[in-house]
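Please look through the sequence and the model shown here before reading on. The paragraphs that follow go from one pair of side chains to the way a chain is divided.

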Number of protein chains: 2
Amino acid sequence: MSRKRWRSVKEIRIADVARLAGVSTATVSRVLSDPDKVRQKTHDVVMEAVRRSGYTPNSTAQKLRTRRTMNVLVVAPRLTNPVFAEILRGVDDELTQSGYGIIIGNLDNRREREARYVDLALSRQVDGVLLLTGYIPEKGQRSMRDSGLPIVAMCAAIHEEGIPNVVVQDREATRHAVEYLARLGHRRFGYVSGTLGSIIEVERFAGFREGIAAAGFSQDDVVRWEGPFVFSTGVAAAEDFLKMKERPTGIFAACDESAIGFIKRVRAERVRVPQDVSVIGFDGIEFADYTEPTLTTFRQPLHELGRVGADVLSRLIRNEMKPEDWSVRLPLTLLERDTTGPVLHKDYKSLRRSAV
Amino acid sequence: MSRKRWRSVKEIRIADVARLAGVSTATVSRVLSDPDKVRQKTHDVVMEAVRRSGYTPNSTAQKLRTRRTMNVLVVAPRLTNPVFAEILRGVDDELTQSGYGIIIGNLDNRREREARYVDLALSRQVDGVLLLTGYIPEKGQRSMRDSGLPIVAMCAAIHEEGIPNVVVQDREATRHAVEYLARLGHRRFGYVSGTLGSIIEVERFAGFREGIAAAGFSQDDVVRWEGPFVFSTGVAAAEDFLKMKERPTGIFAACDESAIGFIKRVRAERVRVPQDVSVIGFDGIEFADYTEPTLTTFRQPLHELGRVGADVLSRLIRNEMKPEDWSVRLPLTLLERDTTGPVLHKDYKSLRRSAV
DNA sequence: TCGATTTTTGTAATCGATTACATCTTGCGT
DNA sequence: ACGCAAGATGTAATCGATTACAAAAATCGA
């Protein structure tokens, strides 16, 4: 029976190859890692032995000796959110090029899970950490940075010494969203939040408030619905929205998923989008182009974000960071699609369609 | 400046703790891994030293000595497909419980990328592999199973000695899909494929053909559109569909994304779903409940699939597999939603609404 | 051809844990 | 108090590579 099949595979060590080639282990090691250091003839003999024995170096032994694991940890708040999947793709594209492995840390929106991954970092299983999460620090909680490992923050900016930031311009974009809605004639606003306690949410809401102020409105003109970055948050927000007498007409959702949930729910009650209510999302996930109507949203340069973050991390690991790269803030693109439009509500006289 | 901050963190080794506690390294090791083997008093002294020094064992050294990396590799065809994200969640839930780390392998739908991950396996960076991919073997290509590592196949069944299968009943479900469409009165069928060369696609198409035959139709009544498991495959299929004179009325798409792409595209041309064409998807991703109309589809038990696969793998690693678990085939659930309905086309006289 | 220099190769220490085996303690019965 | 078994602890080998340093071989000029 084959139950122990893989146990029976004989492990080939560098010493076996050395013996087979009639050289020392040092020479074999050199052939494999620094071929210029050996004679061509020796090289060929060793390579032949490697080939015939099917030798592959044991990477754990290499890691121990070289003190480099060639692994990085990527901590994401939730895997099923396409935003993180897309960022991860960028990270993957950049890092596997340079031989790094990616270990994923999935919090599934539960902050307390972070502890496991702090352990991972502390036990030196990885050379660096890419944080796609970011929470407002709680005292007493052991955090990633206690590990002393190189960290790159890719949530909204963490202003902390020694931690580079690779983020998008959330705050500016959110402010811009409000201005955009205001230009369309909206006067009462709704804000569907993201995960409370997350720095991203703090930033986006701050931008939103700035926008409200800049456009000359009072914070009282704003309704805020709270919840994590998921569909159901939008649905719940919509439930509340539907109960209101004086409904807001311009809604900003801190992520596409909740925007989509919101729209789906209100449309089920014959609220028209964008005629009765305009909705603008945030992220630019692929799916947002397949909803009906297609979602107006800010597109994050997700893949690039991942690449850049990974690049910064690998430079940080190699101690090759240039000071000007310590904070990268990528711009977002407003995708004007079909869930936003001028106010048509009876309260308002001028339709200002020209303002679109 | 802090550019070298993490370099200056002094690494604490087990020897340091031993010295601090006035015991040998063996004792420290025992305290940490097998506390019953030491006297209570010694235990306390050592733990205090551990605490004060902030020691965490170097996991690379542990791995080398114990020959267990406590890492598994998960190879997925494409990260941004919510199907794999969801499976990954299940895997994560199961494996991080038992202390395993997850290294991801993302093929991004490009088969040739598999080679990198074969290297990972060969160099013993992981204790086992979870294959969410599966391609029809090509000769000469070095495959995962050459690594001799425990592997669990979670794509459609790979019938190979020593490789357990944890899969869904694709074939049955697909056959069922055809029967379902046939009962609704459909007589001409469309099949939107998944990635060619993938075993999943082979299985699903086989099931489809079986269904066609079982329902008494000829394979000539079927149009097949080819492409990978992505939105645009459905869009492209729709383009072709729109050009046809005699359009199929019952469409099966091998994944929800392409089903959604298809629907979006045909609706843009005023083709009504389900009145003009019924579409049934496969996967049951969360989005499918937010499209308009909501998508009829087969729900895969994704999270459970991940958990079970991970469980089987960890048992396989520990050599605790029971023969009856070598093939697990989870059932799918048909979610009857709004993209399927009885044929209303003028060609057919009886609407057979009762057949729904 | 010889010795000095450079290049190539080998020896053995090292990375940081675990663990077999040896040795030392402790507890217990008499 | 003594002897012996059981329990606790220490010593040192080990996992499988890399690499500093030493030694040997090749190269070169005179």
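Does A:Arg51 count as buried or exposed? In this predicted model, A:Arg51 counts as exposed because its relative accessibility is 57%, over the 50% that the term requires. Its salt-bridge partner is A:Glu48, with the closest N and O atoms 3.2 Å apart, and A:Glu48 counts as partly exposed at 35% relative accessibility. Both residues belong to helix α4 of chain A, which covers residues 40-53, and they are three residues apart, about one turn of the helix. In chain B, B:Arg51 and B:Glu48 also form a salt bridge, again with 3.2 Å between the closest N and O atoms.

Because A:Glu210 lies in helix α9 of chain A and A:Arg171 in helix α8 of chain A, the pair ties together parts that are 39 residues apart in sequence. A:Glu210 is partly exposed, with a relative accessible area of 25%, and A:Arg171 counts as partly exposed at 29%.

Two salt bridges are counted between domain 2 of chain A and domain 3 of chain A.

Key: Residues numbered from 1 in each chain as written. Chains lettered and ligands numbered in written order. Predicted model: local features only at pLDDT ≥ 70, side-chain atom pairs only at ≥ 80, totals over all residues. Heavy atoms only, no water. Salt bridge = Lys/Arg side-chain N within 4 Å of Asp/Glu carboxyl O. Helix = DSSP H or I, 4+ residues; strand = E, 2+ residues; numbered from the N terminus. Buried < 20%, exposed > 50% of the residue type's maximum accessible area, 1.4 Å probe, protein only.
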